[in-house]
Amino acid sequence: MTTASSVGAERLARRMARGAAFLGTETAILCGAMSWVSERNLVAAISNAGGFGVIACGAMTPELLDAEIAATKALTDKPFGVNLITMHPQLMDLIAVCARHQVGHVVLAGGLPPAGSLDAIKASGAKVICFAPALALAKKLIRSGVDALVIEGMEAGGHIGPVSTSVLAQEMLPEIAEALPVFVAGGIGRGEAIAGYLDMGAAGVQLGTRFACATESIAHPNFKKAFFRASARDAVASVQIDARLPVIPVRALKNAGSELFTAKQREVAQSLDEGALAMAEAQLQIEHYWAGALRRAVIDGDVEHGSVMAGQSVGMVKTEEPVATILATLMEEAAAALEKRTA
């Protein structure tokens, strides 16, 4: 006899089948790439538990990425991906590192892929996943040959766009979900939301904040405690003070570090005024600032002056749990929600 829970689980598996097949995983749940957090330990733990871990390359050199991929492969034989920032000055070298290691999926973040980058990734046999914060951009990326998309709303932690996840999902999934696998991200903290997006046509979901405080996460105890104490309204977006500065807003827990970033923007804007900086270099300086500020919080535990990047789902992160427990809970919640559907 079919039990109630097995009916929900079967419905969930059916809805996740396309995304899971694309990723090569048991569940179509990706862990968002969080700089300093999404490293070998968390990535391997997520992949070993049936999800899809993604290494956050961030500002790593090709040599550091090479070592990180090798170390991750030593901890898991399951599929995982690598997230590369499109503005990285050594992007093509980083793609070559991924190819040498036969990484199966490369996630490109930070804008339209530069000329030649998609071809270089595909030449290695890897799948390309890109972020699409607007429908027009999604269609352009599909035409350019990307294999899957992530649509991420402003509720997410880290770099964000201006539109909420629920609006993006409603606007974009009916238009593009048949063309390729689409993963929804931003503000997802429970399985009921996962079930809802799957019903709307998503192939799977991406979560970051929910995994940041996992037992296997190397984040400093102070960083994790800041998450446990925070509510949704504590995760605020940074403010852009100069229209010329290509500053993508970043969502993090409010602290003294927010003021430091405002000061950094003023410093970079002044350098632009004085002609001491080119625009591309200005953007790179901002990126390096975030990498340093995030490291102070995640690794050193300075949660007052560092950047404690977190999505608005942070209020649902209450305790440190193993990755396997987090994934199992999300799947149980999603299955229970689907249990109540008529089919």
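In this predicted model, the largest nonpolar core comprises 108 residues, and Leu65, Leu84 and Phe227 have the most contacts inside it. Helix H13 (residues 323–339) gives the most to this core, contributing nine residues. For Leu84, leaving aside residues up to four places away in sequence, the residues touched are Cys57, Leu65, Leu91, Leu94, Ile95, Cys98, Val106, Val107, Leu108 and Ala109.

The sheet is described next. Eight strands make up an open sheet with parallel pairing, arranged in the order E1-E9-E8-E6-E5-E4-E3-E2. Its edges are strand E1 (29–31) and strand E2 (53–56), each of which pairs on one side only. From one strand to the next, the twist averages 25°. Strand E2 runs parallel to strand E3 (residues 80–85), and four bridges join the two. Within E3, Val82 stands opposite Ile55.

| Helix | Strands crossed | Angle |

Is Asp273 buried or exposed? Asp273 counts as exposed because its relative accessibility is 54%, and the threshold for that class is over 50%. This residue lies in helix H11 (residues 256–273). Between Asp273 and Asp147 the C-alpha to C-alpha distance is 41 Å, with a separation of 126 residues in sequence.

Technical notes: Residues are numbered from 1 along each chain as its sequence is written. This is a predicted model: local features need pLDDT of at least 70, side-chain atom pairs count only at pLDDT 80 or more; totals for chains, interfaces and linings use all residues. Side-chain values use heavy atoms; hydrogens and water are left out. Buried means under 20% relative accessible area, exposed over 50%, partly exposed in between (1.4 Å probe, protein chains only). A nonpolar core is a set of buried Ala, Val, Leu, Ile, Met, Phe, Trp, Tyr and Cys residues joined through side-chain atoms within 4.5 Å. Contact means heavy atoms within 4.5 Å. Two strands pair if DSSP finds at least two bridges between them. Axes are lines fitted to C-alpha atoms, for helices over the stretch in contact, and angles run from 0 to 180 degrees between N-to-C directions.
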